[in-house]
Amino acid sequence: LTRCHPHMLDLITSLQAPQSEEKQAVETFVKQFHKIVGHGLANFAHSITRGVSSTVSTKTRSKKAYLNGDKLLDYHEKQLLRLSANFALTADLCFTLGGALKFEELLMGRLADALGAIYLGYATLHHYKRRRGVEGLEALTEHAMLRLEKEAQDALQSASDNFPGPLGPLASTVMKVGCFPLGNASRPYREPSDVLTKEVSRLMTTPSEIREFFQEGVYMAPEGSMHQVSDLIRAVPVCVEADKIASTLRREKRQPTTDEAEKIAKADALRDILIQVNVFEQLTTEEGQEDYIRPALQGTSERLSSLDRKRFDDAA
């Protein structure tokens, strides 16, 4: 906290100055103290103004606004700026605890949750900017950002409700006024809707650009070799096509053609293989070979054998 603050370290350094530099140290202390107060007031003002503006933009935002990539980025960047200002204000209020801050694990845990959600939010937007153009990525980004913003908001609210220390009630009041100036109305973040969650689920469980996007870099074993992950990836389009055929047959109330029956039978056979639990003797073909030892275990055995130490068997 001290090193992250733009002025606190200089103030502490002035207190440690030798007596020969006392005059300059006093001037530095006063100057940095005024900067700290100004910094805190600026964070308080930013927290209030951004809190009000983000509340208005969230309340008036369309549920389909995320489909426009530019609006998606602009909206969520503003929400992260608001949450960053809230976090900065909270960090300033933590100075009221002094050295006791290190013992307030619950408060630090909540602040860690908030900071982690803000960090992951910026990482998510950065990733979206880099991979923009993948069909369906807007829905996935929107879903992730809504969850992260809700997580950060809840963590900050819990911190304000349980701010510790002798000045805890005062700090709690200042934090609530600064972070949530309009009360419950200025806590606008909610979990993603079921409609959006179902859309993300559809993109992840059916052939789509999003699914191909997540499959990038995944090892695919040659066909015919035993590798459950590869088999699962290859089975998805077959099973999806078979489900569409079965749905069509039910709707049209007819029997399948020979080609349709073969596709349905192939999908059923793949499902029967993939849904088996605890029936695989090994994950890959290599592991099925005689005297196979996993590289990690082999390396561990070699290192242990080279150590000059007593073994339990030797001691016995």
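A polar contact here is a pair of N or O atoms within 3.5 Å, where, within protein, one must be able to donate a hydrogen and the other to accept it. In this predicted model, Q153 gives a handy example: a polar atom of its side chain sits 3.2 Å from the backbone nitrogen of Y189. Q153 itself belongs to helix α5, which spans residues 137-161. With a relative accessibility of 4%, Q153 falls under the 20% cut-off and so counts as buried. Setting aside neighbours within four places in sequence, the residues in contact with Q153 are L83, F180, R187, P188, Y189 and R190.

Turning to helix packing, α2 (residues 22-59) and α6 (residues 168-179) have axes 7 Å apart, at an angle of about 45°. That angle makes the α2 and α6 pair oblique. On the α2 side the contact involves F44, S47 and I48, which meet V174, V177, G178 and C179 of α6. Sorted by class, this α2 contact with α6 has five nonpolar residues, two polar ones and no charged ones.

The crossing of α9 past α10 is left-handed. Contributors from α9 include Q228, D231, L232 and A235, while those from α10 include E260, K263, I264 and K266.

Note on methods: Residues numbered from 1 in each chain as written. Predicted model: local features only at pLDDT ≥ 70, side-chain atom pairs only at ≥ 80, totals over all residues. Heavy atoms only, no water. Helix = DSSP H or I, 4+ residues; strand = E, 2+ residues; numbered from the N terminus. Buried < 20%, exposed > 50% of the residue type's maximum accessible area, 1.4 Å probe, protein only. Contact = heavy atoms within 4.5 Å. Left-handed = near helix turned anticlockwise from the far one by under 90°. Axes fitted to C-alpha atoms, helices over the stretch in contact; angles between N-to-C directions. Parallel < 35°, antiparallel > 145°, perpendicular 65-115°, else oblique. Nonpolar A, V, L, I, M, F, W, Y, C, P; charged D, E, K, R; others polar.
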